[in-house]
Amino acid sequence: MAEQKKGGHLKNLTNGLLKENPVLRLVLGTCPTMAVTTMAANGLGMGIAATVVLIGSNLVISLLRNFIPKQVRIPAYITVIAGFVTMVQLIVKAFAPDLDKALGIFLPLIVVNCIILGRAEMFASKHGPLDSVLDGLGMGVGFTVVLVIMGSIREIIGSGTWFGIALTADLITPMGIMKLAPGGFFLFGCLMALANKITEKKTGKPAVGKMDGCAGCAGCANKEICGEIEKREEGEN
Amino acid sequence: MKQIFVILVSAILVDNFVLSKFLGCCPFLGVSKKMDSALGMSGAVIFVMGLASAATWPIQHYLLEQMNLEYMNTLVFILVIAALVQLVEIILKRYIPSLHKALGIYLPLITTNCAVLGVTMLNVDNKYGFWESVVNGVGAGVGFMLALVLFAGVRRKLESCDVPKAFQGLPITLVAASLVSLSFMGFAGLAENMFK
């Protein structure tokens, strides 16, 4: 992308924020989105950790894109990503032990987060280092924003606090169900419907309405396989 | 022995991987549309989870802990799982072609399934022994199957429903998953009290 102008670089950055928001539009990384957003602070921590990994892995993979043979690219990407995840894991353990405890196994599980492998496959393996870093930053911030919004809603309704500050805790009895698993699924569904509604108004067609074939892995490295499963299912109909 | 049963029951019902731990949501939402693919996928998951638990335990205890390299386990485990899945695929293709035909296309999907890496991580975090790890792996896989099969039934009903336009597709599926997950909360406290 040598001939791309400055606006092109900026577009890579803003793409992840709204137009291709990884969670609400591309439907990647659903597991951590629902699992760690019991509190706004956890969502923010998870978002930052994933952003750091995303920027690092996008940069390295984009630099190595001409050296990695096509056949072994997925294991190579996973190794790069796992290296960055291990670094982030050690840093979080050292400087934010509470966050480490709150995120639990979802911190190491950033390795298998579809957003990161998906961006490596869809973007970093085809673009230069600068574009890839900007894409990683944009996607990471888009992911973080959704996590913080979800975490805030669940924390305010579920425990009556926001970032640990008491808001409505003394006035209304908090609805604990929002902090538990069903609340996560429910809120995520509602947010996605909201995103659908907004884009429908803007563009006239729903964004993720037809994502019922292979939802989670829509953008990940296994797209071809998903297509095969879908074909098989359609064949049965 | 009692411990093994407690692990099994909690992995299948109480701490169901998909519905209360949010592990493996992607295949849960993606492959639960048809009963056949739900069964194929979860069969492959049970198989790989049990094997991965068995394979990572000796690596953690005899390799990483001996060399003080526990912090490397994320990297090592994911590579072990990836290699294992490849190996299983080759072996099945060569010796049990019928099983390969049924599970084959689901196997590569499993490498990046967070439930498989998650179960090996939980085995380490909970300091399980070898058999406890294997039982936890298989139990988590069975729990995954239960969730997937139940949800495939729910989705079949959902198809004939009149859903508001913005909720069509994934959003209403997530709301339905929320209700299924709510019903699984009824199992809370079961494992501790069952074997008293």
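Which residues touch the most other members of the largest nonpolar core? Hi everyone, let's start there, and please keep in mind that this is a predicted model.

The largest nonpolar core has 106 residues, and the ones that touch the most other members are A:Phe106, B:Phe28, B:Met41 and B:Leu117. As a general point, nonpolar side chains in soluble globular proteins tend to be buried together.

Let's look at A:Phe106. Setting aside neighbours within four places in sequence, A:Phe106 is in contact with A:Cys31, A:Pro32, A:Ala35, A:Val36 and A:Met46 in chain A, and with B:Lys21, B:Phe22 and B:Leu23 in chain B.

Next, a pair of helices in chain A. The axes of α4(A), residues 73–95, and α6(A), residues 114–124, come within 10 Å and cross at roughly 130°. The two helices are therefore oblique to each other, and their crossing is right-handed. On the α4(A) side, the contact is made by A:Arg73, A:Ile74, A:Tyr77, A:Ile78 and A:Ile81, while α6(A) brings A:Ile116, A:Leu117, A:Ala120 and A:Glu121. Sorted by class, that contact has seven nonpolar residues, two charged ones and no polar ones.

Is A:Arg119 buried or exposed? With a relative accessible area of 4%, under the 20% cut-off, A:Arg119 is buried.

Thanks, all, and I'm happy to take questions!

Methods: Residues are numbered from 1 along each chain as its sequence is written. Chains are lettered from A and ligands numbered from 1 in the order in which they are written. This is a predicted model: local features need pLDDT of at least 70, side-chain atom pairs count only at pLDDT 80 or more; totals for chains, interfaces and linings use all residues. Side-chain values use heavy atoms; hydrogens and water are left out. Axes are lines fitted to C-alpha atoms, for helices over the stretch in contact, and angles run from 0 to 180 degrees between N-to-C directions. Helices (H or I, at least four residues) and strands (E, at least two) are DSSP runs, numbered from the N terminus. Angles under 35 degrees count as roughly parallel, over 145 as roughly antiparallel, 65 to 115 as roughly perpendicular and the rest as oblique. A crossing is left-handed if the near helix is turned anticlockwise from the far one by less than a right angle, and right-handed if clockwise. Contact means heavy atoms within 4.5 Å. Ala, Val, Leu, Ile, Met, Phe, Trp, Tyr, Cys and Pro count as nonpolar, Asp, Glu, Lys and Arg as charged, and the others, Gly among them, as polar. A nonpolar core is a set of buried Ala, Val, Leu, Ile, Met, Phe, Trp, Tyr and Cys residues joined through side-chain atoms within 4.5 Å. Buried means under 20% relative accessible area, exposed over 50%, partly exposed in between (1.4 Å probe, protein chains only).
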